[in-house]
Amino acid sequence: MTATTSAILEPARTTPVFGEYEVVVLGGGPAGIAAAIAAGRAGRSTILIERYGFLGGAGTAAGLSTFCGLHANVHGDIRQVVHGVADDILARLEKMGGLNAAHLSFANKIKAQAYDISAYKIAADELLGAAGVKILFHAFAVGALKRSERGIDALLIESKSGRAAIRGRMFIDCSGDGDLAAWVGAPYEIGDGAGNTIYPSTMFRINAVDPVKAGRAWETIPKLMQEAEQRGRRFPRKGAIVRPQKNPIEWRANLTQIKNPDGSAVSGIDVEQMSYGEIEGRRQCWDVFEFIRSVTPGFENAYIVEIAPQLGIRASRRVVGEYMLSESDILECAGFADSVGVNGWPVEAHVAGNVLVKFPRIPESRGYNQLPYRMIVPRGIDNLFVAGRCASMTHDGQSSARVSGPCFVMGQAAGTAADMALGAGVAPRAVDVPLLQRRLEAAGAFLGVAEEPATALAAAPQA
Ligand SMILES: Cc1cc2nc3c(=O)[nH]c(=O)nc-3n(C[C@H](O)[C@H](O)[C@H](O)COP(=O)(O)OP(=O)(O)OC[C@H]3O[C@@H](n4cnc5c(N)ncnc54)[C@H](O)[C@@H]3O)c2cc1C
């Protein structure tokens, strides 16, 4: 490679306008899905921009196949507490036969719920279609234009059709990485302030397991790994999760941890680190899979049916909003007058070599915190919401509220509030919050104002 100057000047260009929409949603993960559905259902012309050819975000592209954060441990009783758009997704998945019964997790203190990844992609397509949302797949957002110091004019995208601008009146950044917020100058944070960020993982699924012979191998595999470590074998991290999908010949595996050669977490917003991380992630998948296959009854003929299309990034930019949700808010089950929904997932910190989990007090606490509207309202920009894992949270708070359940909550609130801001001609921070809360409740959301009635328990069939 010959040495070059460090930057080149591109010629100015004329960029075609693809379209003008009342609400522009960037990113099709759980936050973007819920935001677009809510805005579309409110009758707003809504477009969702997604770089891949399917929806689901990390839930599909990073191969998760489990919803966390839909439930809370309410005084020892584990109940579904996230409702609204999330219920529509669960109902559609259940109808398609693509939803497991919720299973106990983290020493039986909470539940998570597995789903079929292909069914989730289709369910999301259908729900957005029914809400009248225009979906633009294979479109990578690369920048934004402002119309004023505090106002966004257009999102710039690149695709096989070339470069284009998408003009909007309200924008909702659900990119997970706060891309749009960063481009337009909203303040953001990365990591814990001491150079540490949460570690990513590459997920994979195993097929051709003999379920009878495997039995409760989700309990034995972590023990076998522990015993091998005592004999000198090294694994990327503790806290391995290997569990059956709805069809128990297929198991999902969440047990890698992707570090740079210097031991730091691979960054989701650094293309070279991401490239290294993809290769390292696949290497780890194969290494751990070979171990599992060699020691676990029932896995003798198993194979890796899929390594997730992309390395799973848990955290990158967190956009600073009017309030930052903190770890103490999670552990003390904080309440907020501007609640837009709840989160019952514990703090799940992926630190070097380990996963540290902290719950609110059980059974003394109600087991969930409320999510304040202010955490989706970024500072500095008047026509932008930020929802999902890049919303306004501290490093530790994000280790809880980044999972799917609270992302659905934030997205639904942002989409509904975008409609209200447009209707009233005001900035997001001036939205009538009591009215927003009534609209969210009317749309089925649970805001945590009263304790969830036992009858609202999820009624998913047993796998
Ligand atoms: C390895 C791993 C395991 C996890 N396990 C679980 C689990 O079991 N259960 C659970 O509930 N949660 C889990 N999580 C957390 C959770 O999945 C994510 O935090 C959640 O998906 C975040 O939702 P989101 O909508 O904010 O962002 P994402 O899900 O990250 O979605 C963002 C979307 O925006 C798109 N996008 C981003 N930038 C651009 C751009 N510039 N242009 C166009 N499109 C763009 C992406 O392609 C993506 O589809 C896990 C996360 C990881 C990484």
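These entries record what I looked up in a predicted model.

**Entry 1: the four-stranded sheet**

I began with the open sheet of 4 strands, whose order is E14-E15-E13-E16 and whose pairing is antiparallel. I noted strand E14 (241-244) and strand E16 (303-307) as the edge strands, since each pairs on one side only. From one strand to the next, the twist averages 25°.

I then turned to the pairing of strand E13 (residues 204-207) with strand E15 (residues 251-254), which is antiparallel and runs over 3 bridges. Within this pairing, I found Arg205 opposite Arg252 in E15. I also looked up what packs on the sheet: helix H8 (residues 271-295) does, and touches E13, E14 and E16. The direction of H8 makes about 155° with that of E16.

**Entry 2: strand E7 and its partners**

Next I examined strand E7 (residues 110-114), which is mostly covered, with 4 of its 5 residues buried. I recorded two partners for this strand. Strand E3 (residues 66-67) pairs with E7 in the antiparallel sense over 2 bridges, and the bridge partner of Thr66 in E7 is Ala114. Strand E6 (residues 103-105) also pairs with E7 in the antiparallel sense, over 3 bridges. Here I noted Lys111 in E7 as the bridge partner of Leu104.

I located Ala165 in strand E11 (residues 162-173).

I next listed its contacts, leaving out residues up to four places away in sequence. Ala165 touches Thr15, Pro16, Val17, Phe18 and Gly19, and also Ala154, Leu155 and Leu156. I also looked up Leu145, which is 20 residues from Ala165 in sequence. In space, the C-alpha atoms of Ala165 and Leu145 are 8.7 Å apart.

**Entry 3: the second largest pocket**

Finally, I looked up the second largest pocket, for which I recorded a volume of about 180 Å³. Which residues line this pocket? I listed Pro222, Lys223, Met225, Gln226, Glu229, Phe235, Arg237, Lys238, Gly239 and Ala240.

Conventions. Residues numbered from 1 in each chain as written. Predicted model: local features only at pLDDT ≥ 70, side-chain atom pairs only at ≥ 80, totals over all residues. Heavy atoms only, no water. Pairing = 2+ DSSP bridges. Axes fitted to C-alpha atoms, helices over the stretch in contact; angles between N-to-C directions. Contact = heavy atoms within 4.5 Å. 1 Å grid on protein atoms, 1.4 Å probe; cavity = no way out; pocket = protein on both sides within 12 Å on 5 of 7 lines; lining within 4 Å. Points joined across faces, edges and corners; volume = space filled by probe spheres on them. Buried < 20%, exposed > 50% of the residue type's maximum accessible area, 1.4 Å probe, protein only.
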